[in-house]
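Take a moment to turn the model around on your screen before reading on.

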Amino acid sequence: MTSYIHGYVPEEQERLLDQAGVLAPLIYPAIDFHGCKHILEIGSGVGAQTQVLLSLFRDMKITCVDAVESQIEKAKSNLSGNDSRLSFLVQDARNLDLPRKFDGAFLCWVLEHIPNPQLVLESLIKSLQPGAKIWITEVFNSSFYFQPALSGLTNYYEKYNSFHKSLDGDPDIGAKLGNMLSKAGFKEITLSHGGFHLSQHDPESLNKIIKYWKGLMKSGAAAMISSNWITEEEVNAMEKDLDQIASDENAVFYYQFVQANATVF
Ligand SMILES: C[S@@+](CC[C@H](N)C(=O)[O-])C[C@H]1O[C@@H](n2cnc3c(N)ncnc32)[C@H](O)[C@@H]1O
């Protein structure tokens, strides 16, 4: 594993659970695994999305795959009680070695972190049956727009994305999913967008998402500080600007992720 912008500390493992809860109403209306009996979740982390999938698709089994053993161990404890529906594997998703074929696959916030993510889709399609459905949700960080324009947040966001790229991640991978799926041999590809367009017309949602966004931004801070990409002062300036946006009468907070759906023939 190369280094990873969010890290694997317990606070980050908790953040993934909070994130899944906050974003579930935005992510899951589109996801449709009806008819699927056993899917793969690639980059399942601590099981935050797995929990939602288990509750939405009650007859479905899930095999969770993550490259990092401590994530899988945390997922096992977070998801205990669902043992008959779950199995866990520690594997690099670019080189899957699976005991069977599956009728679905789910990926959320993972391809963005993997150098050469095309290999994941090429490896994955070999483990999917004809008719299998894949759902991917990914970042498109260039879509972020906010008002008022504040330099602390702009500076931090630019460095956050540059740092992500320096680790061979791709903060705009969502925009590329159509080409990637097509090259890997998936068919019936559809792309859609989800996210938020907030302002003071809905202050409760604005505050909730800005709080979430602060946690997301801060999750990169430790790695960025220790690699001398950013200082504590720059982190504080980013947080201060987010607070200012939340209370600004002309606040705008806009972001779009990408969801891709495809089928195996
Ligand atoms: C941001 S977390 C997302 C976890 C989960 N999908 C969620 O939304 O809560 C990304 C996960 O991808 C895993 N990961 C990174 N590179 C991987 C690889 N090459 N193969 C499999 N998993 C990988 C990381 O260990 C981490 O758990």
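The protein chain has nine helices and eight strands; both are DSSP runs numbered from the N terminus, with at least four residues (H or I) for a helix and at least two (E) for a strand. Its radius of gyration is 18 Å, close to the 18 Å that the globule rule gives for 265 residues, so the chain is as compact as a globular protein of that length. Here the radius is taken over C-alpha atoms, and the rule is 2.2 Å times the number of residues to the power 0.38. Along the principal axes, the C-alpha atoms fill a box of roughly 50 × 40 × 40 Å.

Keep in mind that this is a predicted model, in which local features need pLDDT of at least 70, side-chain atom pairs count only at pLDDT 80 or more, and totals for chains, interfaces and linings use all residues. Residues are numbered from 1 along each chain as its sequence is written, and side-chain values use heavy atoms, with hydrogens and water left out.

How much of the chain is buried? Buried residues make up 54% of the 265 residues, where buried means under 20% relative accessible area with a 1.4 Å probe, protein chains only.

Now find the neighbours of S4. Strand S1 (residues 38-42) pairs with S4 in the parallel sense over four bridges, and strand S5 (residues 128-138) runs parallel to S4, joined by six bridges. Two strands count as paired if DSSP finds at least two bridges between them. Gly-104 in S4 lets you see both pairings: Ile-39 stands opposite Gly-104, and in S5 the bridge partner of Gly-104 is Lys-133. Together, S4, helix H4 (residues 118-125) and S5 make a right-handed β-α-β unit. Right-handed means that, with the strands pointing away from the viewer, the path from the first strand over the helix to the second runs clockwise.

On a 1 Å grid over the protein atoms alone, a cavity is a set of points where a 1.4 Å probe fits but cannot get out, while a pocket is an open set with protein on both sides within 12 Å along at least five of seven lines; lining residues have an atom within 4 Å of a point. Grid points are joined across faces, edges and corners, and a volume is the space filled by probe spheres set on the points.

A search of the whole structure finds one cavity of 30 Å³ or more, and about 720 Å³ of space lies in the largest cavity. Of the 50 residues that line this cavity, Tyr-4, Cys-108, Trp-109, Val-110 and His-113 are the closest to its centre. The lining divides into 29 nonpolar, 15 polar and six charged residues. In this count, Ala, Val, Leu, Ile, Met, Phe, Trp, Tyr, Cys and Pro are nonpolar, Asp, Glu, Lys and Arg are charged, and the others, Gly among them, are polar.

The largest pocket has a volume of about 270 Å³. Closest to its centre, of the 16 residues that line it, are His-6, Val-9, Lys-218, Ser-219 and Ala-222. Helices H1, H7 and H8 (221-226) each give two or more residues to this lining, and H8 provides the largest share, four residues.

The second largest pocket has a volume of about 210 Å³. H1 and H7 each supply at least two residues of its lining, which divides into two nonpolar, two polar and four charged residues.

Methods
Buried means under 20% relative accessible area, exposed over 50%, partly exposed in between (1.4 Å probe, protein chains only).
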